[in-house]
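Subject: Structure handover

Hello,

Here is the structure we spoke about. My notes follow it.

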Amino acid sequence: MTQDTKKSGVKRREFLKVLGASSATLAVTACEEPTGHLIPYLVSPDQTVPGVSTYYATTCRECSAGCGIISETRDGRSIKLEGNPDHPLNRGALCAKGQSALQGLYNPDRFKTPMVNENGAWKAITWDDAIARLSNAVSAAKPQAAGAVFINQHESGSFPRFLDGWLASFGMPAHLSVDFEADHAAIEANRRSYGAAWPALSFQDAKLIVSFGADFLDGWGASVPQQLDFADARAKLDGAPRFVYIGPRRSLTGLNADEWLACKPGSELAIANALSGKGSIDAAATESGVPAAALQRLATELAAAKPALVVSGVSGENALDVALAVAAINQASGAVGTTIKPAQALTGFEGIAHTDQVLAAVEKMRAGGVGIAFVRGANLAHALPKAANFAEAFAKVGFRVSFSNVPDETSELCNLIIPDLHSLEQWGDAEPVKGTIGLQQPAMDPVYPTLSKTVPAALGTADLLIQVSKKAGSANQPADYRTWLFTQIPGGTTAISAALPKGIVSGSLAARTIAAAATTPKSTSIASTQGDLTLITYHSPLLGDGRGANKPWLQELPDPVTKICWSSWVEIHPETAQRLGIDRGDILEVKTATGTVRAPAFVYLGVHKDAIAMPIGQGHRSKANVPDFQPKHDDSKQTQWGYGRYARGIGANALDILPLGTNAGGGMILTATKASISKTGDHRTLPSTEGSARQHGRGIAQAINAADLSKPPAERREEELPGDASHAFLPGLRSPVAADAQGDLGSPTSADQGKNKGMYAPNEERGMSKRRWAMTIDLARCTGCSACVTACYSENNIPTVGAYWQNATLFADARPGFNIERGREMNWIRLERYFEGNLDGKFGEDFEARFVPMMCQQCGNAPCEPVCPVYATYHAPDGLNVQVYNRCVGTRYCSNNCPYKVRYFNWFGYGEADRKQYAFPEPLNWQLNPDVTVRGKGVMEKCSFCVQRIRESENRAAAEHREMQGDEFTTACAQACPSRAITFGDAADPNWSVTQLIADRRAYHVFEELNAFTAVVYLKKVNHPAAGAAPARA
Amino acid sequence: MQGVLGAFRELDSAVHAIEDLKKERVGDITVYTPTPRHEFEHAMEHGPSKVRVFTLIFGLAGVTFGYWIPVWISDYWPLVVGGKPIASWVPFTILGFEVMVLIGGLATVFAMFGFAGIPRLTTTVGYDPRFSSGHFGVWVEAEADTADKAMNILKKHGAEEVRRER
Amino acid sequence: MTERRKWTAIPGLLALAIGAVMLSAYSGASSSQHRSPVQPIAFPHPVHVQKLGMNCLYCHNAANKSMDPGLPAVGTCIGCHNMVGPERPASDLGPKRHSDEIAKLYKYADVAGPGAGMGPNAKPIPWERIHKVPEYVHFPHTRHVNAGVTCQTCHGQIQKMDRVYQFASLNMGWCVSCHVNGYSPKEGEEAAGYSAAQQASPNSGVAPANLAIGERKKARYDCANCHY
Amino acid sequence: MATSALPSGQRPNIPSAAVRFPAIKSYEQVDSDIAGTLGPSLGWFAALGIAILCMLIGATTWTYQIHEGLGAAGYQPPVMWGVYIVTFVFWVGIGHAGTLISAILYLFRAGFRTSIYRASEAMTVFAVMTAGLFPILHLGRPWKFFYLIPYPNWRLIWPNPKSPLVWDVFAILTYLTISSTFLYIGLIPDIAILRDREKNPIRKAILAQLSLGWRNSDREWRHFTRAYLFLAAFATPLVLSVHSVVSFDFAMALTPGWHATIFPPYFVAGAIFSGIGMVFTIAIPLRKAFKLEHYITLNDIDAAAKLCLFTSTVVGLAYLTEFQIAWMSGNPFEQDYFWNRVFGQWAWAAWIMLICNCVLPLSLWSQKLRRNTTWLFILSLFINLGMWFERFVIVVPSLSHEFEPWQWGTYRPTWVDYGILLGSFGWFFMWFLLFIKQLPVMAMAEIKEVLIPRMKHSHDPTPDLTEGIVHPDETGATH
């Protein structure tokens, strides 16, 4: 950023505060609010127009993949993150985690200044002081410099090398780059078999996809690119590859499979060997508990499928062996180069330190050999199993520095905290794909700038280290990190300035001198365990190893599989539950050799009957006894230790009962330990958005067999649906419904048609009714990842309501997710997950899962409209079913009359800053979209088809004196969708691609028999049942 | 205005008194009775009340207005709801009916007020509290000359009290 | 017992009540119309617009590209005013005099004197906001300006206002009646006080509405046009 | 109890029993008896105190709810309507019996009406006043309720006349106006009576104002009776329409369990049923406390009980019809919902409703129980409970079990709901208690109408009053 914007930065923030106070604060309730002041820029920043967004291309740092993102910045604030369409990795898509980076940036619990712990008490210090203290500590640690430990959250790019260089300059060893979510076994196997840590996987080219517990859609590797490709593969409909999932737990990826082979935990190896012909089918069948017939069928299928794509994400003791066996199968089926492309490896996964290295470092600390330790990003105190006893070991370190910018468990154990800038505030780079460099540039000035005379206003860790070196007097230090960075990137400054708009440079970065991979991992088998059930722990697809837990969007977003939020849970199979007399919501005590935790039971068809599953990510606790967060009398001095107000004290941490152990791949063993469960007698309603998991044959999520697609409609095996749906206006929603959008006035059959009835007449001079906004959702593509939901929250200022203080004040239950228990979630678009088949929950009988994104269907004949007494909802001429917040009086009649139940009510003043239920505490309110009204208490709200985007592009077109072009813009959900399942457009204008999709042979409306003439058209899911096996039916 | 007032304890004697007064054509008669008795109506030979005319007229006016409001509102700012016609008259029947009852009913009451001459600022001469509890009163407008005659008739029929008022 | 008690009746009170209700029904008009607060600097629009003939878009530079019209940054003022200091020589703008307002501007911008640049302690000018629609109303200036709606249509003869006041009521009825009945560029230009010559070539600096003079340009008036 | 009050050898429960009030001898006795009930008593003050306390609890709770937001109540989407709408329908229903008795029975010339209609008409007005609060009270933004009222405004936008809620506004306001007018008109002659009896000058002046200068002249009576008749004629269809409109709130929606053509008659029957229940709850204690056994005779109560039994069977039929329609509709949504209503999560509520409304009232087939005021009082309490639960069963289970299985839910009211429910009862009884001590609970003038007036020459203790007066010379003897 230029010098004057820097200078104006602070002032601009003042300006923004006022702007925030006016545009972000609540609109609907106050009618006569004070007009307030107008604070102009001091010096107007070039290339920005007030009220018009500027877009900065940068890189996502929420996982190791390093997707390209675009930050929409309005008046100096980043207000939304979207995928970078020009980025080779994620091609414009972005997962929920990535979008939530915004709430990491604006997290209300971020450190504002450096802090130091002096004899037990924390106090804020100035930056100069912090730098001085750090350099003193560094020079003090000189004698044992060789023992120093620097643990960094893994990221690709130049920073690791810069860091190693800096450490070396003080005689310290290279840093450990940790990623607890990484599948080390797979990486190790890949490296040995394909020579790359993470080759690109091409699902499109596969004839058959087999996954051994590899959740490539939810966290295993680079989810977004894998999902994009998987969706494209599925979109080939009858040509699409069949997908078989093998594993004891059916994850989100598993639910997307056509067939699930529920094997005993740890028995994957036998199956893999059997499939590769090394072992006998029957032996595998007996060991895994999977019927031999199924295995035989799979074996023959696999033999026939050339190439196939077999992936392993097992995290048991024999993980590496499975991965290697799988690699062998791939090599045999000629997958290498076709479905597995080492050439386009995802370099983001290179150089991740094995878990056993981390544990070794911990032991070194315990031994007392560490004089100084640095932690940046990683949160070992939470992400390492309790058995590792990190806290005790860490305490033995002479001086502990944390660069974390949020008060997490690890930083609480440190002496000095120097908060790093958020990745959206600083410069950086990444090499996500071999040969492509993704640039990371500040999307805005720091939320909490460095207030110091001597150092720059934006002081990231890298710059801080440079300052330290300067203090220590070491020579030839770069002026600042940016300058150094630009020298590292091929082409230098000119190339960068040319590339910044797109955010990518072609070329490669120099590799780290010390490749962590070089060290061969050491496997330590877990301690002896007792218990009758196998405990499967897995990283939550949303919270990861726990990093996501302080972001309300991710807490509020229901888990794609269990649909539970603001809580942790124990998944248990119906049969086992019945045997033990356990009901959904019973609080269970899970006991292993290493400890016990309590969590509510979730009875789930998709877990092996001899196993229970628990997600990792919740259960953040503070060492200090921090009082419960009270928004009303919240003095911001109180540091919210335990990872912030939104994370602390929610659920249990499964890692507390996980015995320590690493497999031959150097990964943590997550699924091997035994456990026993017992009822505590307590019970709680699960904070889940799931009403009924079955659609009772109501045809909400419809599916068709691939084989039936080609047949004429008469011969298709269609599902039994209620009512006699009139397929009259399908395919080709266009004419009848477009007419319907104008009611009788537009209907060709109506007498009033075209009469002078103002805006609705099709030939009215304002031309208001020429458009008919519509949407198609391809269920064959949708994987249920829920990225669209977070996109909607971000775009439409939707409040999160699950925090434990967001309930009434008197005699109110204050527990996390209580509002969700009462069905008060506000998700304008929700992902319904329906199970088909296996109604009586027998183990071994397969079942099918269907995902339906359900948002306002923008009905042509909307049942909600006529019942509103004040015209607060009505039908706009362009086909929108409009909700006018400021007119709404809150009778909630519209919601009662909505068959799709997609209207959401503001039960409390979630949007009112002075209220205890306020969902956007400063500075979270900076994320609010200025184009969307923040709703006050007592009004109804719902999906508006992103009407603000429609208006914006209408205004743009008008300003440029042109007509709107086809596919000119799209809604937030469609933009984010990593499966490209959602298409938005004008059904009355053939230039929009939505019009073609509407004509698809799979098109249907939900509850068509109600004649609501919805504008959302679903395309049936396509099933690929195994030959001979009938697919599940409702 | 002056006249003679007779207060009766019994119904029939009051009726007979009225009949005689009418025969003698003494003057305008007003009867006070604690409760409506058709005997008096027979005796006074009144026609049916005109209130019903107002009820009818204003009832019709009301139903028209009741239909007109929603039609006008709908057309004033035409917003389509639920794909229904802008002015969908069928449900407006309800409003039409309610407004009819409202206006018609109130009109009836006010018509009654008008005809019955209430609310009134004073009790005219010749009212006696007894008439609201048990007694029947007969008031005859009579000039000095005819007054005695009237008094005699009233006395003859056993009026409990007879007096002249002005 | 012939006392004639006054038994007064109630009517009249009823009539008053009804009258009160009807009055209150119409009291929805904007209360802030004609509001004219004192500004930190008494910026004279007439001098800049009429005498110097500056274009509105010179200072309110976003009016034709954004929802917000945009306010001149202090730097923009200084752009001219570091030449034009507080001590005004005699000119066609008037006799030689001292301008306190420009002195105030220098104080805000931390400018030592004519010719000097802005100092480190410069701070923005806290203008008093006059025209404000509630946050649930989205008023795109760009849409109106590009449609040829002159500033004066909503802001009044602002080029003649020594002290700006709220010209229009800004209540919903006021907005809607224009959207429904339409707007003719001619009227707009008359409102702007253009001479016939100027009307021939409007120097508003924005693309004129592609309409014949006198034709009325109507606009959408469904709720979601402004409320979302 | 006092069957002895009956002429010997007469079947007791014949409303046309020649002498309606055998125990009442003269017009003056009526005045003294009824006006005598007006003196405030200690028990009355106690009752009023309790009522006001409950009312204040409700008011406080509402204030809290407005401040906090509607979330303070127990709403659990998809159940967007709960206790408030249930109670709203409940109170509107209560209102109906009053108008039924005062208007419809008036048209039908049902004798037993005379003694109880004043109390029940008052009950109507206060019940509607209570019901009228709830549509405002359940709004998300109650301070914006005036958006529902059609009046000229600067926004140039009006309410949506297609919305059943706007019909409600019209219907309820009309109903309140007409029924309170009806009550007042009926009161005028009685107020005049009180006026003439009153000694205290201030009270007398006030009563004088209220009586509008009524003086019992034949002219006044002539128009009065006619106008009263027409008002009754208006009120009769109004009663039917109002609860039909209320039922449209549900019937017009497409929610399974709501979307039924049977609703208007079903609701009207239910309303009258619940109203009669409430009449018993009020009239029986009143009769005791005010010693009005001579006026509210067992015959009257008996007749009312029969009406109660009748409406109960109508309501029962309506319940069965609903199930039968759902069963034969072949509509899975309806069938699923109704199954869930009686055997699913809401069975408990449904069975409370069925037992209170259909089973217990069957006891009224027995004349003994019909004439047993204690039992009637207990039964009436059950009926009130049952009818509240009928509305609960209509509103809540339907919403909790709609088209979209993913959004099925449940409902648990909070203390806020209960507080406001309690408050509504306090509000209602506060008004009613104030009424019964200020104004006569019985229409004295109308009772006089059916009494035998004093006659100089009268041949028969029970003359057929429709014949004219008997001339002295026709009957020799005098008494």
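Of the contacts in chain A with a separation of 6 or more, what percentage comes from residues 24 or more positions apart? The value is 73%, where contact means heavy atoms within 4.5 Å.

This is a predicted model, in which local features need pLDDT of at least 70, side-chain atom pairs count only at pLDDT 80 or more, and totals for chains, interfaces and linings use all residues. Residues are numbered from 1 along each chain as its sequence is written, chains are lettered from A and ligands numbered from 1 in the order written, and side-chain values use heavy atoms, leaving out hydrogens and water.

Chain A has 1034 residues, 69% of them buried (under 20% relative accessible area, 1.4 Å probe, protein chains only).

Strand β23, residues 586-592, runs antiparallel to β24(A) with six bridges; here A:Leu588 stands opposite A:Ala599. A hairpin of two residues joins β23(A) to β24(A).

Chain B contributes twelve residues to the contact and chain A 16. The buried area between them is about 1,100 Å² (accessible area lost on being put together, 1.4 Å probe, summed over both parts). B:Leu79, B:Val80 and B:Val81 supply 43% of the area that chain B buries against chain A. Zero salt bridges were found across this interface (Lys or Arg side-chain nitrogen within 4 Å of an Asp or Glu carboxyl oxygen).

Regards

Definitions and conventions. Buried means under 20% relative accessible area, exposed over 50%, partly exposed in between (1.4 Å probe, protein chains only). Two strands pair if DSSP finds at least two bridges between them. Helices (H or I, at least four residues) and strands (E, at least two) are DSSP runs, numbered from the N terminus. Buried area is the accessible area (1.4 Å probe) that two parts lose on being put together, summed over both.
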